[in-house]
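Here is a note for a colleague who is meeting this structure for the first time. The points below go from the overall build of one chain to a few single residues.

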4 protein chains.
Amino acid sequence: MNYQEVLEEIKEEIKPHLKKGEVANYIPALQKVKKNDFAMSIIDVDLNEYHIGSHKKPFSIQSISKVFTFALALQNYSKELYKRVGHEPSGDPFNSLVQLEYENGVPRNPFINAGAIVTTDSLISLYKENTFDYILHFIQDATNDHSITYNKEVFKSELKHGHRNLALINMMKSFKNIKNFTDSVMQTYFKQCSIDMSTTQLAKSMLFLANHGVNPITNEQLINESKAKRINSLMLTCGHYDASGDFAYRVGLPGKSGVGGGIVAIVPKKMAICVYSPRLNKFGNSYAGTKALELFTDKTGLSIF
Amino acid sequence: MNYQEVLEEIKEEIKPHLKKGEVANYIPALQKVKKNDFAMSIIDVDLNEYHIGSHKKPFSIQSISKVFTFALALQNYSKELYKRVGHEPSGDPFNSLVQLEYENGVPRNPFINAGAIVTTDSLISLYKENTFDYILHFIQDATNDHSITYNKEVFKSELKHGHRNLALINMMKSFKNIKNFTDSVMQTYFKQCSIDMSTTQLAKSMLFLANHGVNPITNEQLINESKAKRINSLMLTCGHYDASGDFAYRVGLPGKSGVGGGIVAIVPKKMAICVYSPRLNKFGNSYAGTKALELFTDKTGLSIF
Amino acid sequence: MNYQEVLEEIKEEIKPHLKKGEVANYIPALQKVKKNDFAMSIIDVDLNEYHIGSHKKPFSIQSISKVFTFALALQNYSKELYKRVGHEPSGDPFNSLVQLEYENGVPRNPFINAGAIVTTDSLISLYKENTFDYILHFIQDATNDHSITYNKEVFKSELKHGHRNLALINMMKSFKNIKNFTDSVMQTYFKQCSIDMSTTQLAKSMLFLANHGVNPITNEQLINESKAKRINSLMLTCGHYDASGDFAYRVGLPGKSGVGGGIVAIVPKKMAICVYSPRLNKFGNSYAGTKALELFTDKTGLSIF
Amino acid sequence: MNYQEVLEEIKEEIKPHLKKGEVANYIPALQKVKKNDFAMSIIDVDLNEYHIGSHKKPFSIQSISKVFTFALALQNYSKELYKRVGHEPSGDPFNSLVQLEYENGVPRNPFINAGAIVTTDSLISLYKENTFDYILHFIQDATNDHSITYNKEVFKSELKHGHRNLALINMMKSFKNIKNFTDSVMQTYFKQCSIDMSTTQLAKSMLFLANHGVNPITNEQLINESKAKRINSLMLTCGHYDASGDFAYRVGLPGKSGVGGGIVAIVPKKMAICVYSPRLNKFGNSYAGTKALELFTDKTGLSIF
């Protein structure tokens, strides 16, 4: 199949959708983007690349970082981690405290904020003050690109407006599900959310999930095959907050979105895809990005179902 | 791969798990089963069959019936139905009223009780007093076996102990999301839950979901390909009540369980599988059945991820 | 103090409030009222009476009936009843299923619908098919007026639109907190809600709660003093659904409202008051009625605080 | 009535209850108490005093401090404050985040932790860095005793174990219902909770609530009569967390408890009562203290109902 052609078609068909939805407004730094921007990258496990739009322009990866930290935590833990964070869809918005309170401080899954914070806490227990460096290197290695870094302005903005996340971490601390100082966990968490990457970089960085846990660029086994499958499974059931079922229903691929406007999706054994468009739907997922991925699976039949 | 051998291995390895969990006790009629029973059937889209255990013995399909009624409703409706029942995981036990109350009587998905009751109600609007016959014929046609029927004793037991479901339907009726008489909807709903089928019959009956919507026995298109994919997606994200994420994580296949002890699973484009063992885990899914399917994907690598 | 003068003042000051709020619309029969009507009756324990407005015109007492059934149940039960219905404010709207689900079918208090339904069920266990007659006689005796009866049209309308209450009772039945047939409980419950009384009759009927449990008209001890105090306490903490705290805060008297537009209030050891005005605020309590009682305690200083 | 005799009787009858319940364990500093201790003080508006037990021994007033800060806030605010904190019972445990999340960061009432934190925040907007001094002076003036101060060890222990309260304040900050720095609000809040007072001091300090807002020792009007009544009303409906209805039902007086083991109660127009016993029931209220107050109203008939 000619994927470049597919991308060109999507670019045309997506146009009427680029002005729908709103750019994330909970931190000011995220609003400084070209609001109708669009980019999409497909990279297959044989390293063929197909791109459209501003695919080299970095944007804030936000919650997509949760996939990397969970993979890094799974390298090191398994059962211990499962006691501290579940793998069920939450049935609630991404930052809900209700579920946490009813379930004694154990977040539903690692892709809601509370679960990602626990995951980062588990990394700090291992890597101490070097935790963010380990996270960044993991991403750089997965992408084979050591220029990737975080955006200091976004980071500061996150810190300043992070009260909801501070509520989450203190709630979990009261249930003894946070082992390190809350300040140091939040600093690391906000840094990982503030990393900037382009659709090209993100598609590359996720190839190991389409390739049995092996980075096809470097042939390094980042995690074992079974864990790679499980991350895909989690992305399918929990990757889009309270619209995860809808994404699975309409797109049919494991994926993870970020409020920066990015979405990555995996076609197991075949390819990684990244799409970017900063306006979000009411669930906090890229409006045009979701639509573009739906067009992609309609055109290619590459749904896992 | 030699699937018969795989089944023989599973039969050995499952033995220590057959005494774990408890048979459903909410209706007396369901307790009259051989508690440590086990059966498993694999049928592929070329109609090769592999079986182990009591695979010809009918058991109560219970919630597995929700797949059939939803498929039948999707034949007839699409957008109208989506307004009345969502496709998100519920994040709550299978019979929760909390979610219904907060979301104005619109159930999260068609595979929790409330959602299945709305689905049945939508069929009654079409087929009136013949609704149950249409449902039964749909199942008989999918299985190509017209001996399938419902169990009157189980049906009566359901009726007698159905207060929780009566609470659900009255709640939805108060939000005007039930269009027909509650009594006639509940009668039909309890009848569909009381249908008896064997693992052989169930595996056959689900082949259309592994085969683009086409029944490979009769070559009849039961629903279109896109809708078949969406049913698979729903089974993956919502097929096991509040353990759907765990099933996706550990088994990695679309599946639907019933409190009678059955689970069906789909390997898209390849096969349908049915496993039976009546003892349930705390989420209401077959304890040994879940374990058997996990062994199956471990041994065969047939996870969709 | 000249209470007649107080009533005349209230009548003047209440005028701008008589067009605020909306008449209950959940059953059509309740809408057939004079929407801006107003009546208020004060009767003290020495049987002095003060009235204003249409104080002899009967209206639907609705939830005010819950005070009578709870008093009748307390005549017969105490600890057994407390296991089946609590005495805490609910913190939720009057017909919430959420609380019931989290608290295993035990309603928070006897003045929310679920609690009143359990109370009526406890009476049916005693009085069988004569339960409604016993309830009606209790009210007639308390009022010393045997002309009081229920409104058949309202009753039928309740039955027809009672899905929410049917959800509640079936929910509680599933937790085994309803002992009799749900149909017979609901019939009795809806009949008691459909009783018609005037403000004069209601004020009289409640005098026993201001008078140590003794009806000052007949000198009959309806319940013992301790239980009378407890009913007053419950009216203060739970008598106005989700606005009970506000009523206590602003009026400072035990009271019970009904969606028919009536409110009764007790000044312990002194008097019973009843006010009527059918437009309701968003919590389901009479808009002008609440305001009139606030004016009353402001003018007389008769708050219990 | 001979109140000293009543106290002597209570002292005898309470003995079997002094070993029931558990001392608060959420902060270590609170555990260093004589576990079976008991004291009770009655002071009437004519300043007659009656005491029993260790009535001069200071203990940690904890949540009883919420009455003082709310009174101080009501001196300064009224409608503005009501927009930020309600006056309804919460129907949930004292530190629930669920309610806060559903109601957009507006706590149900000023006597649950979240509501008291908002109240303290409103004082900081007025008194800036001197807020705690103003609170302490208010209490010292009400008691006419300038030796009262806070316990530094308890304060530090609160700070160290205050994650749940940090979750609450950050949650409210995210809804913009906290106007000052969260750190400075929490410091002040924990200091006020750490104040030590004896039953004698506490009974004195609350006399203004039994006396139209006027301190009968100094004849100073601390708040106006209407506001004093409203504080009493709030204590009745919300003073004992999720057991407020039960306290109203069994004791029948406005009261406020603290996890240090103290309870104050008001007999409007007559007296203030304080009881102390550090073991708590499951709702966080003094076990023997609640029982002692129930005996008091049984013996004296001084319930407001």
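1. A residue is called buried when its relative accessible area is under 20%, exposed when that area is over 50%, and partly exposed in between. The model is a predicted one, and by this cut-off 67% of the 305 residues of chain A count as buried.

2. As for the overall build, chain A holds 14 helices and nine strands, and its C-alpha trace spans about 55 × 40 × 35 Å along the principal axes. A compact globule of 305 residues would have a radius of gyration near 19 Å, and the 18 Å found for chain A agrees with that expectation.

3. How much of the contact pattern in chain A joins residues 24 or more positions apart? Among contacts with a separation of 6 or more, such pairs account for 69%.

4. Most residues other than glycine have a negative phi. Asn219(A), however, has a positive phi near 60° although it is not a glycine, and it lies in the loop between α11 (207–210) and α12 of chain A. Is Asn219(A) buried or exposed? With a relative accessibility of 61%, Asn219(A) counts as exposed, since the cut-off for that class is over 50%.

5. The second case is in chain C, where Lys269(C), also a residue other than glycine, has a positive phi near 70°. Lys269(C) is found in the loop between β9 (262–267) and β10 (271–276) of chain C, and because its relative accessible area is 47%, Lys269(C) is described as partly exposed.

How values were computed
Residues are numbered from 1 along each chain as its sequence is written. Chains are lettered from A and ligands numbered from 1 in the order in which they are written. This is a predicted model: local features need pLDDT of at least 70, side-chain atom pairs count only at pLDDT 80 or more; totals for chains, interfaces and linings use all residues. Side-chain values use heavy atoms; hydrogens and water are left out. Helices (H or I, at least four residues) and strands (E, at least two) are DSSP runs, numbered from the N terminus. The radius of gyration is taken over C-alpha atoms; the globule rule is 2.2 Å times the number of residues to the power 0.38. Buried means under 20% relative accessible area, exposed over 50%, partly exposed in between (1.4 Å probe, protein chains only). Contact means heavy atoms within 4.5 Å.
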